[in-house]
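Hi everyone, thanks for making time this morning.

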Amino acid sequence: MNELFKKYFTDSGANMKNVLVLGAGLVSRPGVTYLLQNNFNVTVAEKEVSKAEKLTQGFSNGKAYQITVENREELELLIKGYDIIVSLLPWVYNTKIAELCIKNNKHMATASYVNQEINKLDKEARKKGLLFLNEIGLDPGIDHMSAMKIIDEIHDEEGKVLHFYSYCGGLPAPEANDNPFGYKFSWSPKGVVIASKNSARFLENGEIVTIESRDLFLNKRIENVDPLGKFEVYPNRNSLPYKKLYELKEALTVFRGTYRNIGWCDMFKKIVDLGLIDETPISNVKGITFKKMMADIIGVDENEDVYIKTAEKIGLSSNHSIMKNLKWLGLFNDLPIPDCETRLDIFCELLIEKLKYKTGEKDMIILQHKFTIENKDKTKDLITSTLIDYGIPGGDSSMARTVSLPLAVAVRMMCEGKIKLTGVQIPIKKEIYSDILKELEALNIKIEENRFSLS
């Protein structure tokens, strides 16, 4: 192990040029390429080393390293050789990485949400002069920065934010939106599907609204995004902390939501009601067909008309579009189900197969904030901040660009000493967001701001 490590080890220099990226998944490439093109020494560590090799190929300042992150000793040995540790791994690994960064006096950056365990490291990180920058991707990330830019400007003008709405979603570009679900996955769908089980809380017109998980999709609303048209929005987890986080002291509304194409909420409500995203372990799946699985779910014999019985179970006619969509997905055919541990995993396997991008198709990111503000002179305005970004056919997806480029730009600023903050941070301070938003615009991730009088 030690000899293998020496082959990849990069001595840490005083100019903070050495970056370790943990993870070479589907969103990693744009950020890694950005850092390499800006002459940083970048090692990409990944269990499947071939993925890391693809990201660093052609760059003399890039290296690939095979690692099993669960091996704490190996991970720590690797971390010791770098100035900044970037985690593009699933969030469950970030606490261990952060603890090793504290122990070995290393800065850290990640696009993942801050969790309680990492927050507990804030005091020690400050004491050691370390920066742990989190939530620096798309959502969270660009949403924080683009919102805080406007909020700070409003407060500088002695105005007040009365209502704040923030919506974000990753969708197929309109020309690629060609399946009944109005959605496609370029990564594992499990996270998106599990989010269907979230409850939600938000503040609207001065009242706190709590939505139980079973009712999440009953609380859709329709929003227009020029020039794309209408989309569904459903509440995104707990919006209440953002009132304090964004210093929206006078706000009567703080609402964060997720964009989907029309029809998603009604369909996923029925999917949830059927128990297709149940995480209870199942056994003896060998030889069971999708039709048999559906018969078991609704409690009928597989020799009955399972399609009709399913429609009756969820209160729909057999020719309802939702039933047709479930049939299109393959839930009533005689093919064997995949060998998975839960119905959730089985359902996700279907989604991966049926809702995937074809070669050359583009994805799309929509992020929009809406602010109703009261100016110093008591007049009122509506301010919108809108990002519409598309993937590059045959190149990087919009999701990859908007997640990993903000992270990479932030790492560049950290390396260059342009961020003096220490401790556990997210990008809501001007010292962080100002230059990053400017650089993202130069990278063609452009946010359009508009202001309309309501007086």
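I'll start with a few strands and then move on to aromatic rings. Please keep in mind that this is a predicted model.

Let's begin at strand S5, residues 107-110. His107 and Ala109 point one way from S5, while Met108 and Thr110 point the other way, and all of them are buried. What does S5 pair with? On one hand there is strand S4, residues 84-87, which runs parallel to S5 over four bridges. Within that pairing, Ile85 has Met108 as its bridge partner.

Now, the rings. How many aromatic pairs does a search of the whole structure find? There are 17. One of them is Tyr167 with Tyr259, edge-to-face, at 5.6 Å centre to centre and 65° between the planes. Tyr167 sits in strand S7 and Tyr259 in strand S12, 92 residues apart, so this pair links distant parts of the chain. Are these two buried or exposed? Both Tyr167 and Tyr259 are buried.

Next come Tyr307 and Phe332: their ring centres are 5.3 Å apart and their planes are at 80°, so this pair is edge-to-face. Tyr307 is buried, as is Phe332. Tyr307 has another neighbour to show you: the charged end of Lys327 sits over its ring, 5.4 Å from the centre. Likewise, Arg221 lies over the face of Phe255, 4.1 Å from the ring centre.

Methods: Residues are numbered from 1 along each chain as its sequence is written. This is a predicted model: local features need pLDDT of at least 70, side-chain atom pairs count only at pLDDT 80 or more; totals for chains, interfaces and linings use all residues. Side-chain values use heavy atoms; hydrogens and water are left out. Buried means under 20% relative accessible area, exposed over 50%, partly exposed in between (1.4 Å probe, protein chains only). Helices (H or I, at least four residues) and strands (E, at least two) are DSSP runs, numbered from the N terminus. Two strands pair if DSSP finds at least two bridges between them. Rings of Phe, Tyr and Trp (its six-membered ring) pair if their centres lie within 6.5 Å; planes under 30 degrees apart count as stacked, over 60 as edge-to-face and the rest as tilted. A charge sits over a ring if NZ of Lys or CZ of Arg is within 6 Å of the ring centre and within 35 degrees of the ring normal.
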